[in-house]
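Let's take a walk through this structure together.

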Amino acid sequence: MEQGYAVAVAQARAGDPVAFRQLVERHSRGVFRLAFRITGNEQDAEDVVQDTFLKLHRNLDKFEDRSALGTWLFRIATNCALDLIRSRRRHQQGREPDDPEGLAAVDRLTSESPAPDRLVLSAEFRERVQVALGRLSEAERAAFVLRHFEGQGIEMIAATLGLRQGAAKNTVFRAVAKLRGELEGYAAASE
């Protein structure tokens, strides 16, 4: 952990609101990105970010310096996102979300403008990926997002999801296999 960052963590633990705000600013975009990719919904992702940092604030004194704060935050965010999905599934079955694929938020997250001839294919592919991700189990979706969107290793995924490394590896493998199966028809049709 870099010196200034370690100091900010220590100061936030001691109750310094400015230091805590620095931690939030440093990690909020990554937590939102992770939450959005797991939930597939911008509003849900914002709720997860808020819950994540609220839990961080309440439990910062329990953080152990053996791991990185970012790793701990990703675990909190993943658990919050999965809890939210389960809760919404129980309480709102049958309701259609306003933006089921979350395309509006994904469009705002992109930073480069693709060539005009790629826009249609890109939007359609993004929609198919979101639908396919939605068909994965919560654990598969979280493992896939952590591995392929966030670039986390199997050891980190296992720690985040509370799995053994072999189980984490199998979960990522199953998710990739299911997504490949879902998207194979699209790849062949778009050529």
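At what angle do α2 and α3 pack, and how far apart are their axes? They pack at an angle of about 140°, with their axes 8 Å apart. Axes here are lines fitted to C-alpha atoms, for helices over the stretch in contact, and angles run from 0 to 180 degrees between N-to-C directions. That makes α2 oblique to α3; angles under 35 degrees count as roughly parallel, over 145 as roughly antiparallel, 65 to 115 as roughly perpendicular and the rest as oblique. The crossing of the two is right-handed. A crossing gets that name if the near helix is turned clockwise from the far one by less than a right angle, and is left-handed if anticlockwise.

Before going on, a word on what you are looking at. This is a predicted model, where local features need pLDDT of at least 70 and side-chain atom pairs count only at pLDDT 80 or more, while totals for chains, interfaces and linings use all residues. Residues are numbered from 1 along each chain as its sequence is written, and side-chain values use heavy atoms, with hydrogens and water left out.

Now for the overall picture. The protein chain has nine helices and zero strands. Both kinds of element are DSSP runs numbered from the N terminus, with at least four residues (H or I) for a helix and at least two (E) for a strand. Of its 191 residues, 38% count as buried, where buried means under 20% relative accessible area, exposed over 50%, and partly exposed in between (1.4 Å probe, protein chains only). Among contacts in the chain with a separation of 6 or more, 66% come from residues 24 or more positions apart; a contact means heavy atoms within 4.5 Å.

Back to α2 and α3. On the α2 side the residues that meet α3 include Val31, Phe32 and Phe36, and on the α3 side they include Thr52 and Phe53. Threonine 52 lies in helix α3, which covers residues 42-59, and this threonine is buried, with a relative accessible area of 0%. Setting aside neighbours within four places in sequence, threonine 52 touches Val31, Leu73, Ile76, Ala77 and Cys80.

Next, the rings. The whole structure holds three aromatic pairs. Phenylalanine 32 and phenylalanine 36 have ring centres 6.1 Å apart and planes at 15°, so this pair is stacked. For the cut-offs, rings of Phe, Tyr and Trp (its six-membered ring) pair if their centres lie within 6.5 Å, and planes under 30 degrees apart count as stacked, over 60 as edge-to-face and the rest as tilted. Because these two phenylalanines sit four residues apart in helix α2 (residues 17-39), about one helical turn separates them. Phenylalanine 32 is buried at 15% relative accessible area, and phenylalanine 36 is buried at 1%. Phenylalanine 144 and phenylalanine 149 make an edge-to-face pair, 5.9 Å centre to centre with 80° between the planes. Phenylalanine 144 is buried at 12% relative accessibility, whereas phenylalanine 149 is partly exposed at 32%.

Phe149 also takes us to one more packing. Helix α7 (residues 138-149) packs with α2 at an angle of about 135°, their axes 9 Å apart, and the two are therefore oblique to each other. Leu34, Arg37 and Ile38 of α2 make this contact with Arg141, Ala142, Val145, Leu146 and Phe149 of α7.
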